[in-house]
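Hello,

Here is the structure I promised to pass on to you. Have a look at it first, and then read my notes below.

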Amino acid sequence: YLDPPYPGCARYYGCQDDPDLHERVARVANACRGAVMVSYADTPELEPFLPLYDGWQIERFNAVQHMQVRAAGAGKGKRTELLLLNYTPGGQEALAL
């Protein structure tokens, strides 16, 4: 399971956006022989990197945005997240999100 800083959201992780990081994550993920899951926020900034996961399954789901709570002191927000999978899960209930 890989959870890199999301493109356009690196400030929440205390770092700057680095396009090379996402290319390196994709190279490592694609080189793995076993099952790999990569999570990202579904943002426009992610679009240029999705072709790096050609042939992977994409699962979308709604998630509570806890990082915004800590950063801005606001109430819990929600956003769409992506799970990029290099395998097919055993059925919809396997992704009970």
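Helix α2 (residues 66-72) has the lowest mean pLDDT among the elements of the chain, at 53, while strand β1 (residues 37-41) has the highest, at 93. Here pLDDT is the predictor's confidence in each residue, on a scale from 0 to 100. Over the chain, the mean is 81, and 75% of the residues reach 70 or more.

This is a predicted model, where local features need pLDDT of at least 70 and side-chain atom pairs count only at pLDDT 80 or more, whereas totals for chains, interfaces and linings use all residues. Residues are numbered from 1 along each chain as its sequence is written, and side-chain values use heavy atoms, leaving out hydrogens and water.

Now to the fold. The chain has 2 helices and 3 strands, in the order α-β-β-α-β from the N terminus. Helices (H or I, at least four residues) and strands (E, at least two) are DSSP runs, numbered from the N terminus. Strands β1 and β3 run antiparallel and are joined by 5 bridges; two strands pair if DSSP finds at least two bridges between them.

How much of the chain is buried? Of its 97 residues, 35% are. Buried means under 20% relative accessible area, exposed over 50%, and partly exposed in between (1.4 Å probe, protein chains only). In β1, 4 of the 5 residues are buried.

Next, please find E81 in strand β3 (residues 77-85). Is E81 buried or exposed? With a relative accessible area of 8%, E81 counts as buried. Across from E81, on the other strand, stands A41. A41 is also one of the residues in contact with E81, and so are Y6, Y40, D42, E59, R60, F61 and A63, leaving aside neighbours within four places in sequence. Contact means heavy atoms within 4.5 Å. E59 lies 22 residues from E81 along the chain, and their C-alpha atoms are 8.3 Å apart.

The largest nonpolar core has 16 residues, and those touching the most other members are A29, V38, Y40, L46, Y53, W56 and L84. Such a core is a set of buried Ala, Val, Leu, Ile, Met, Phe, Trp, Tyr and Cys residues joined through side-chain atoms within 4.5 Å. Two or more residues come from each of α1 (19-31), β1 and β3. L84 has contacts that include V38, Y40, Y53 and W56.

Finally, there is 1 aromatic pair: Y53 and W56, edge-to-face, with 5.1 Å from centre to centre and 80 degrees between the planes. Rings of Phe, Tyr and Trp (its six-membered ring) pair if their centres lie within 6.5 Å; planes under 30 degrees apart count as stacked, over 60 as edge-to-face and the rest as tilted. Y53 is buried at 4% relative accessible area, and W56 is buried at 12%.

Happy exploring!
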